[in-house]
Amino acid sequence: MNKLPASRIDWVTGVVFAAGLLLLLPLQLLPALLAGLLVYALVNAMVPAPDTPLALGSHVPRVLAVSLIATAVIALIILAGLGVASFFRHGGENLPALVQRMAEILDGAREQLPGWLLQYLPEDAEALRQTLVAWLRDNADTFQVAGQEFGRAFGHILLGMVVGALLSLERAVAGGTEGVLPTAIAERGLQLARAFRRVVFAQFRISAINTLFTALYLAVLLPWLGIELPFTKTLILLTFVAGLLPILGNLISNTIICVVSLSQGFWVAMGSLAYLIVIHKLEYFLNVKIIGGEIRARAWELLIAMLIMEAAFGIAGLIAAPIYYAYLKAELSDKGLA
């Protein structure tokens, strides 16, 4: 008699939870979700939950400690985000200057590029700028890059981090008996948090390894050969940030590196391309071992999920796809379906 209601609750909460996750994307609340999950994952990595409920009053020191840790984590995340944003926008090698330099490089490299490649390039620097402006305009809702929209996005992120910290505090003290419905929803929330931790922490390791090899190439090997690329620091930082997005992040950073390499000649660009291909062939095995081992998914599975989510929800869907897919795989695995 008890199995039927439990199965119904499981089915209902599963549908509602999945619908809520998808609804976050058109409501532009994905940054809040990711910020909350990040704070929750970092705090819980430092403060494991108690195995048994704590006695009345004995949880106060633990809650105070977790509160301080959560506050420190939020402060560090904000400072890191502001630092990266400031470097990309106002540093000596900022992104606007990089885009301008790429436009000039492509404009001046047309004479040395093969004819079959020219048809895929903008006609001139102005055409490249117009393409980038149009792309940013089309995705303005996702990036929320200016004025009021930026303030709103920052507010969402801050609220998400506060929610993540509050959930960490709640987890710091083993709770008592709860109702069936809250327990079912809480279990799905924990499943999502575990999926997030597996994907993001694994992708962080992969991006760090990729950035290390790229930095060795840009800052050590090329200068040793007497070749100095412009915007080396920006390219290294951009490689790490873009690398946090599985698969497609590497394509973005590699394309930018190859374009900048054209400033030193066609063959330098081809050398950069060859080096990056070799790196990513080696990293493919790392992806299979790290990402595949964490969420039991192959690269082609992630690609399909990312393509479908991008087609349905744009850039936000592309970013959410690996986490949502990892959560789906975990739910199916628990039910013996994957």
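The model is predicted: local features need pLDDT of at least 70, side-chain atom pairs count only at pLDDT 80 or more, and totals for chains, interfaces and linings use all residues. Residues are numbered from 1 along each chain as its sequence is written, and side-chain values use heavy atoms, without hydrogens or water.

**Fold**
- The chain has 14 helices and 0 strands (DSSP runs: H or I of at least four residues, E of at least two, numbered from the N terminus).
- Of its 338 residues, 37% are buried (under 20% relative accessible area; exposed is over 50%, partly exposed in between; 1.4 Å probe, protein chains only).
- Among contacts (heavy atoms within 4.5 Å) with a separation of 6 or more, 76% join residues 24 or more positions apart.

**Surface**
- The chain exposes about 19,100 Å², with 70% from carbon and sulfur atoms (Shrake-Rupley method, 1.4 Å probe; for residues, only the protein chains shown count as cover).
- Trp11 lies in helix α1 (residues 3-23) and is exposed at 61% relative accessible area.

**Aromatic pairs**
- The count is 3 aromatic pairs (Phe, Tyr or six-membered Trp rings with centres within 6.5 Å; stacked under 30 degrees, edge-to-face over 60, the rest tilted).
- Phe17 and Tyr327 form a tilted pair, 5.6 Å centre to centre and 45 degrees between planes.
- Phe17 sits in helix α1 and Tyr327 in helix α14 (residues 315-334), so this pair ties together parts 310 residues apart in sequence.
- Phe17 is buried at 18% relative accessibility, and Tyr327 is buried at 7%.
- Tyr217 and Tyr275 are stacked, because their ring centres are 4.4 Å apart and their planes at 20 degrees.
- Tyr217 lies in helix α9 (residues 180-224) and Tyr275 in helix α12 (residues 266-295), so the pair ties together parts 58 residues apart in sequence.
- Tyr217 is buried at 5% relative accessible area, whereas Tyr275 is partly exposed at 23%.
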